[in-house]
Amino acid sequence: KIRFRGRSTIFTINQLALMFVAVAVQIPRYLVITKIGLADNFLVHILPELAMPVGLFLVKQNIDQIPDSLIEAAEIDGATQFYVLRRVIVPLVKPALATVAILSFQAAWNSAAESNTFINNESIKSFAYYMTQISNTGNALEGQGMAAAAALLMFLPNLILFIVMQSRVMDTMTNAGIK
């Protein structure tokens with residue numbers, strides 16, 4: 001909501017980032033993660049997923065729907081920008097934040113790529129990595145049964161999280177068409 005120089009440039013860069021698949025940016029991602037020291041660290045599973053361009057786009061679009069008059073009224077009442085953010089904007093954007101949380105969790109939970117690429121220590125590899133390893137072993141018939149069991153184990157946390165946050169996600173979709 002705050003107007004500043006470079007605002008549209010940042011949004012354009014975010015839109016451009018939406019066009020790239022993860023494989024296309026794997027080498028720069030590897031260089032950044034090793035440069036900041038996240039290799040062989042459990043945080044490599046979480047932190048990169050928080051920087052999703054889709055999440056920034058969704059939250060920005062929700063914030064843009066908040067009427068300027070609501071923010072101006074708070075400022076006239078003497079609210080600081082931080083107070084407006086904390087007490088006006090964040091409560092109105094909670095449905096979008098819940099949706100971003102679900103998307104980030106699913107991306108982090110279901111990804112075995114970080115364990116394959118950035119982690120050498122077996123004790124901090126992800127659950128998804130071990131599920132893919134289990135389902136790839138054995139003969140064809142055993143592998144199918146193990147793959148089905150692994151898929152169920154990988155799906156259950158996503159289902160539970162969605163059930164818990166379902167009302168907030170539906171609020172995001174409801175508010176998307178309201179101006």
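How many aromatic pairs does a search of the whole structure find? The search finds five. Before turning to them, take in the overall layout. The model is predicted. The protein has nine helices and zero strands. Read along the sequence, the pattern is therefore α-α-α-α-α-α-α-α-α. Of the 179 residues, 26% count as buried. Take the contacts between residues at least 6 apart in sequence: 69% of these join residues at least 24 apart.

Now the aromatic pairs. One of them is F11 with F57. Their ring centres lie 5.7 Å apart and their planes sit at 10°. Planes under 30 degrees apart count as stacked, so this pair is stacked. F11 belongs to helix α1 and F57 to helix α4. The two residues are 46 residues apart, and the pair links distant parts of the chain. F57 has 29% relative accessibility, so F57 counts as partly exposed.

A second stacked pair is Y30 with F118. Here the distance is 5.6 Å centre to centre, with 15° between the planes. Y30 lies in helix α2, residues 26–35, and F118 lies in helix α7, residues 113–118. The pair therefore ties together parts that are 88 residues apart in sequence. What about burial? Y30 counts as partly exposed, at 37% relative accessibility. F118 counts as buried, at 4%. Elsewhere, ring pairs link F105, W109 and F127 into a cluster.

Two packed helices are described by the angle between their axes and the distance between the axes. Helix α1 spans residues 7–18 and helix α4 spans residues 53–64. Their axes come within 9 Å and cross at roughly 135°. The two helices are therefore oblique to each other. Their crossing is left-handed. From α1, the contact uses R7, F11, N14, Q15, A17 and L18. From α4, it uses P53, V54, L56, F57, K60, Q61 and D64. By class, the contact has seven nonpolar, three polar and three charged residues.

Helix α4 also packs against helix α6, residues 81–109. The axes are 9 Å apart, and the angle is about 160°. Angles over 145 degrees count as roughly antiparallel, so α4 and α6 are roughly antiparallel to each other. This crossing is right-handed. On the α4 side, the residues are V54, G55, L58, V59, N62 and I63. They meet I89, V93, A96, L97, T99, V100 and L103 in α6. The contact divides into ten nonpolar, three polar and no charged residues. V54 is listed in the α1 contact, and V54 is listed in the α6 contact.

Finish at a loop. Where does H45 lie? H45 sits in the loop between α2 and α3, with α3 covering residues 47–50. Is H45 buried or exposed? H45 has a relative accessible area of 5%, and buried means under 20%, so H45 is buried. Which residues does H45 touch, not counting residues up to four places away in sequence? They are A108, E114, S115, I119, I124, K125 and S126. Among them, A108 falls within α6, residues 81–109. E114 and S115 fall within α7, residues 113–118.

Notes
Residues are numbered from 1 along each chain as its sequence is written. This is a predicted model: local features need pLDDT of at least 70, side-chain atom pairs count only at pLDDT 80 or more; totals for chains, interfaces and linings use all residues. Side-chain values use heavy atoms; hydrogens and water are left out. Axes are lines fitted to C-alpha atoms, for helices over the stretch in contact, and angles run from 0 to 180 degrees between N-to-C directions. Helices (H or I, at least four residues) and strands (E, at least two) are DSSP runs, numbered from the N terminus. Angles under 35 degrees count as roughly parallel, over 145 as roughly antiparallel, 65 to 115 as roughly perpendicular and the rest as oblique. A crossing is left-handed if the near helix is turned anticlockwise from the far one by less than a right angle, and right-handed if clockwise. Contact means heavy atoms within 4.5 Å. Ala, Val, Leu, Ile, Met, Phe, Trp, Tyr, Cys and Pro count as nonpolar, Asp, Glu, Lys and Arg as charged, and the others, Gly among them, as polar. Rings of Phe, Tyr and Trp (its six-membered ring) pair if their centres lie within 6.5 Å; planes under 30 degrees apart count as stacked, over 60 as edge-to-face and the rest as tilted. Buried means under 20% relative accessible area, exposed over 50%, partly exposed in between (1.4 Å probe, protein chains only).
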